[in-house]
Amino acid sequence: LAAIGHSTDLSLAELAADARAITPTAAAEKVFPRSDEILAELERLRERLRVLVDRVISLKREALGERAERLFAFGERLLSMGRELADLSERLERAVRDDFRGRRELLSRLGERLVLFSPRSLIDSRKAELDSLANDMRAIPPKLLAPHREALETAMRSLDLVSPLKILSRGYSIASKKDGRIVSDASLLCPGESFFLRFAKGKISASVESAVPGGEDPKKSL
């Protein structure tokens, strides 16, 4: 900026300068803006800043509103799921309780049936009948009893031979499943399945390693 002032001649400085002022005062006015222009520019910038701040606040408020709505919906969903879980838990507990009661009643009935069909119970019943018949026969005169004594002794020996306890006492055993069913065929048991073996005295729990169908040689199956 060249500002020589009060000169009618054109100097080299003025030719090389980007701008030329008539006087130094005019040059100062070009370099430094007026205060009212500065204030107007500041007011304009303040207004733009206010608009931008209001816009940012509005956008943030909308975003927070959307997040609040999503959080509220999520909370409602959690409450609904909590109520559903509580209902399912109650239903499961009731179902387990009913199933346990049913299984206990079934085991009780099976136990009663097992007692009714137990060989020992049947043998004890027949033995009691034989004891009663023997007592009745003791009251009969010996002469009348003699012809039937031999037949009775034969019947008692036959009954003793077919008695399951008599068979067990010779080293045999009776296999049965956990539900009490007698196993008469190896194909009824699967490898890894547990079952019971009853002996003349006591019983044990066993597990199947391999099953050999009836009629096959166990050595060949190995």
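**The sheet and its core**

Mentor: Seven residues make up the largest nonpolar core, namely Ala175, Val183, Leu189, Phe195, Leu197, Ala206 and Val208. A nonpolar core is here a set of buried Ala, Val, Leu, Ile, Met, Phe, Trp, Tyr and Cys residues joined through side-chain atoms within 4.5 Å. Buried means under 20% relative accessible area, exposed over 50%, and partly exposed in between, with a 1.4 Å probe and protein chains only. The model is predicted, so local features need pLDDT of at least 70 and side-chain atom pairs count only at pLDDT 80 or more, while totals for chains, interfaces and linings use all residues. Residues are numbered from 1 along each chain as its sequence is written, and side-chain values use heavy atoms, with hydrogens and water left out.

The chain as a whole has 7 helices and 3 strands, in the order α-α-α-α-α-α-β-β-β-α from the N terminus. These elements are DSSP runs numbered from the N terminus: helices are H or I with at least four residues, and strands are E with at least two. Of the 222 residues of the chain, 8% count as buried.

The 3 strands form an open, antiparallel sheet in the order β1-β2-β3. Since β1 (174-176) and β3 (203-207) stand at the edges with a single partner strand each, one side of each is left without a neighbour in the sheet. Neighbouring strands are turned against each other by 30 degrees on average, direction ignored; the axes are lines fitted to C-alpha atoms, for helices over the stretch in contact, and angles run from 0 to 180 degrees between N-to-C directions.

Two strands pair if DSSP finds at least two bridges between them. β1 and β2 run antiparallel and are joined by 3 bridges, with Ala175 opposite Leu197 in β2. Strand β2 (residues 194-198) pairs with β3 in the antiparallel sense over 5 bridges. Among the facing residues here, Ser194 stands opposite Ser207, Phe196 has Ser205 as its bridge partner, and Arg198 has Lys203. The two strands form a hairpin with 4 residues between them, and Gly202 in the turn has a positive phi of about 85 degrees.

In a regular strand the side chains alternate between the two faces of the sheet. On β2, Phe195 and Leu197 form the covered face, whereas Ser194, Phe196 and Arg198 form the uncovered one. The charged end of Lys203 sits over the ring of Phe196, 4.7 Å from its centre; this requires NZ of Lys or CZ of Arg within 6 Å of the ring centre and within 35 degrees of the ring normal.

Leaving aside residues up to four places away in sequence, Ala175 touches Arg181, Ile182, Val183, Phe195, Phe196 and Leu197. Ser176 also lies in strand β1 and is buried, with a relative accessible area of 15%.

Key
Contact means heavy atoms within 4.5 Å.
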